[in-house]
Amino acid sequence: MTAMLTDPQEIRGAFAAEMADRPKKLQRHVKRVELGARHLAAVHELDRDVCVAAAAGHDLFRHCSDAELLALSRHYRVPISRDEEDAPIVLHGPLASAYSREVLGVDHEIILDAIAYHTTAHPDYTPESLAVFLADKIDPRKVQADPGLAAVAAAAEQDLYAAAALFLERRLSAQLNSGRPLHPLAVASRNAFLRRMP
Ligand SMILES: [Fe+2]
Ligand SMILES: [Fe+2]
């Protein structure tokens, strides 16, 4: 039986050890997300250690193929919806969260939820989870590749809910325009964040 991990700094250490054998490119992305989450935590006066720990563990399974994600999700009893069967990439968050709880012994609901829903966001997201979500989406490398994200990065300095709504609107519009399915959690999150905007 693994000891339960409740301290965000210890949780971050467990994630760092786990990430050590992941592809280098993924490790560099995760480091940038940690820095971004630390920055947004400072700007918005959030719990920095919680933000950085969730950032450290958010992409533990981002390198897996669709087939691997489906198989591992079944193994760790992650519920798989029709929407996720259509787009298994979404499972890398819920899978990382389930693995963190069951294998690493992570016992911290904010961190586990931030990791689980970092692809779609969640209507009940805390500011800490939103900071991690946004730090992932505005990774400077991603902004370089898609300059439209600069507006999301600028908004994140002012208001996390407005920035997340803006990000989700961009992505949902792109998915609608190209005829791809929308994930219901992304739609519900966008609506919830609109209501929270100043
Ligand atoms: Fe991810
Ligand atoms: Fe990521």
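Of the 198 residues of the chain, 41% count as buried. The model is a predicted one.

**Figure 1. Overall architecture of the chain, with 12 helices and 0 strands.** Along the sequence the elements follow the pattern α-α-α-α-α-α-α-α-α-α-α-α. The C-alpha atoms occupy a box of roughly 45 × 40 × 30 Å along the principal axes. The radius of gyration is 16 Å, which agrees with the value near 16 Å for a compact globule of 198 residues. Among contacts between residues at least 6 apart in sequence, 60% join residues at least 24 apart.

**Figure 2. Packing of helix H8 (residues 127–137) against helix H11 (residues 160–177).** The two axes come within 10 Å and cross at roughly 45 degrees. H8 contributes Pro127, Leu130, Ala131, Phe133, Leu134 and Lys137 to the contact, and H11 contributes Leu160, Tyr161, Ala163, Ala164 and Phe167. By class, these residues divide into 10 nonpolar, no polar and 1 charged.

**Figure 3. Packing of helix H2 (24–43) against H8.** The axes of H2 and H8 are 8 Å apart, and the packing angle is about 130 degrees. H2 and H8 are therefore oblique to each other. The crossing of H2 with H8 is right-handed. On the H2 side the contact is made by Val33, Gly36, Ala37, Leu40 and Ala41; on the H8 side it is made by Ala131, Val132, Leu134, Ala135 and Asp136. The contact of H2 with H8 comprises 8 nonpolar, 1 polar and 1 charged residues. Ala131 and Leu134 of H8 are listed in this contact and also in the contact with H11.

**Figure 4. Buried residues of helix H7 (109–116).** Within H7, the residues Ile111, Leu112, Ala114, Ile115 and Ala116 are buried. An α-helix has 3.6 residues a turn, so residues three or four places apart point the same way. The buried residues of H7 are covered by elements including helix H1 (8–19), H3, helix H6 (92–102) and H8.

**Figure 5. Ala121, in the loop between H7 and H8.** Phi of Ala121 is positive, at about 70 degrees, although the residue is not a glycine. Ala121 has 26 other C-beta atoms within 10 Å and is therefore buried, the threshold being 20 or more.

**Figure 6. Glu45, in the loop between H2 and helix H3 (48–57).** Glu45 has a phi near 55 degrees, a positive value in a residue other than glycine. With 8 C-beta neighbours inside 10 Å, Glu45 counts as exposed, the limit being 12 or fewer.

**Figure 7. Pro198, in the segment after helix H12 (184–196).** Pro198 is exposed because its C-beta has 6 others within 10 Å. Ala162 lies 36 residues from Pro198 in sequence, and the two are 8.1 Å apart in space, C-alpha to C-alpha.

How values were computed. Residues are numbered from 1 along each chain as its sequence is written. Chains are lettered from A and ligands numbered from 1 in the order in which they are written. This is a predicted model: local features need pLDDT of at least 70, side-chain atom pairs count only at pLDDT 80 or more; totals for chains, interfaces and linings use all residues. Helices (H or I, at least four residues) and strands (E, at least two) are DSSP runs, numbered from the N terminus. Axes are lines fitted to C-alpha atoms, for helices over the stretch in contact, and angles run from 0 to 180 degrees between N-to-C directions. Two residues are in contact if their C-beta atoms, placed from the backbone, lie within 7 Å. Ala, Val, Leu, Ile, Met, Phe, Trp, Tyr, Cys and Pro count as nonpolar, Asp, Glu, Lys and Arg as charged, and the others, Gly among them, as polar. Angles under 35 degrees count as roughly parallel, over 145 as roughly antiparallel, 65 to 115 as roughly perpendicular and the rest as oblique. A crossing is left-handed if the near helix is turned anticlockwise from the far one by less than a right angle, and right-handed if clockwise. The radius of gyration is taken over C-alpha atoms; the globule rule is 2.2 Å times the number of residues to the power 0.38.
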